[in-house]
Amino acid sequence: MALMFQATSRLKRAVQLINSLEKAKFPLLLSRIIQKLHLRDDRAFSEEEEEKLQIALGLESDDLHIVLETCAFILEQAAYHNAKPQVLEQQLQNIELADEKIQALVELWTSNGKPVVEKLKQRSLAPKQLQAVNWRLNLQMAQSNMAKMKLPNALFELRVSSGSQGVKDNIYLEFTHEELYSFYNQLETIQSQLDSLRS
């Protein structure tokens, strides 16, 4: 069984803070975190909500951030390892999380784990995603100092979107024949490596 959590000094501090939280408030905190886990650019709580949370949980700002980040990290690790509830429970016992906090995390993971894993699979690592490719060929026939010349090139327009709002942008690339051939060979190499990973 792979170790999901390394007992670093920061994690130990986070465990102390989480263990000190009121039993009734912890599941509500987790529920909000797991709802936003798959959204890369969105924080689980707004700044105003965090200020209210500090008061409600009796935590300093830095300590609250440690708690929120650690809870999100625990859930991300559970998703990454596609952890079964009993495995997650064992791993959390290893870092000395209090039993009632483990129970809250395991119950949340049992009811939400599968959809969270699916949403995270769809999340891209890259900040921009390719939506469409347009291209055209150009042929430069002459230049002031060279009357007879043929210089072909290809112009690509990559339509990309970024962020959860799907902001669209265009990227333009121009290739000579040699550059395009070199790029094509690199794509072939990438494709063969991807194929080998899938088999």
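The predicted model contains seven helices and three strands. Read from the N terminus, the elements follow the order α-α-α-α-α-α-β-β-β-α. The protein has 199 residues, of which 31% count as buried. When contacts between residues at least 6 apart in sequence are considered, 58% of them join residues that are at least 24 apart. One separation across the sequence concerns Leu37 and Val117, which lie 80 residues apart along the chain and whose C-alpha atoms are separated by 9.9 Å. Leu37 is placed in the loop between helix 2 (26-36) and helix 3 (47-57), and with a relative accessibility of 6% this loop residue counts as buried.

In one of them, the axes of helix 3 and helix 4 come within 10 Å of each other and cross at roughly 95 degrees. Helix 3 is therefore roughly perpendicular to helix 4, since an angle of 65 to 115 degrees counts as such. On the side of helix 3 the contact is made by Glu50, Leu53, Gln54 and Leu57, and on the side of helix 4 by Ser61, Leu64, His65 and Leu68. Divided by class, the residues of this contact between helix 3 and helix 4 comprise four nonpolar, three polar and one charged.

In the other pair, helix 5 (residues 85-94) and helix 6 (residues 99-122) pack with their axes 10 Å apart and at an angle of about 155 degrees. Helix 5 is therefore roughly antiparallel to helix 6, given that angles over 145 degrees are assigned to that category. The crossing of helix 5 past helix 6 is right-handed. Helix 5 contributes Pro85, Leu88, Glu89, Leu92 and Gln93 to the contact, whereas helix 6 contributes Ile102, Leu105, Val106, Trp109 and Thr110. In terms of residue class, the contact of helix 5 with helix 6 consists of seven nonpolar, two polar and one charged residues.

Asn82, which is found in the loop between helix 4 (61-80) and helix 5, has a positive phi of about 45 degrees although it is not a glycine. The relative accessible area of Asn82 is 52%, so this residue is classed as exposed, the cut-off for that class being over 50%. Glu96, in turn, lies in the loop between helix 5 and helix 6, and its phi is near 65 degrees, again a positive value in a residue other than glycine. With a relative accessibility of 63%, Glu96 likewise counts as exposed.

The strands of the model were considered next. Strands of a sheet pair through backbone hydrogen bonds, in either a parallel or an antiparallel manner. In this model the three strands form an open sheet in the order 1-2-3, and their pairing is antiparallel. Strand 1 (128-140) and strand 3 (167-176) stand at the edges with a single partner strand each, so that one side of each of these two strands is left without a neighbour in the sheet. From one strand to the next, the twist of the sheet averages 20 degrees.

The pairing can be followed through individual bridges. Strand 1 and strand 2 (residues 151-162) run antiparallel and are joined by twelve bridges. Within this pairing, Ala132 has Arg159 as its bridge partner in strand 2, while the bridge partner of Leu137 in strand 2 is Ala154. Strand 2 also pairs with strand 3 in the antiparallel sense, in this case over ten bridges, and Leu158 stands opposite Ile171 of strand 3. Strand 2 is mostly covered, with nine of its twelve residues buried.

How values were computed: Residues are numbered from 1 along each chain as its sequence is written. This is a predicted model: local features need pLDDT of at least 70, side-chain atom pairs count only at pLDDT 80 or more; totals for chains, interfaces and linings use all residues. Side-chain values use heavy atoms; hydrogens and water are left out. Axes are lines fitted to C-alpha atoms, for helices over the stretch in contact, and angles run from 0 to 180 degrees between N-to-C directions. Helices (H or I, at least four residues) and strands (E, at least two) are DSSP runs, numbered from the N terminus. Angles under 35 degrees count as roughly parallel, over 145 as roughly antiparallel, 65 to 115 as roughly perpendicular and the rest as oblique. A crossing is left-handed if the near helix is turned anticlockwise from the far one by less than a right angle, and right-handed if clockwise. Contact means heavy atoms within 4.5 Å. Ala, Val, Leu, Ile, Met, Phe, Trp, Tyr, Cys and Pro count as nonpolar, Asp, Glu, Lys and Arg as charged, and the others, Gly among them, as polar. Two strands pair if DSSP finds at least two bridges between them. Buried means under 20% relative accessible area, exposed over 50%, partly exposed in between (1.4 Å probe, protein chains only).
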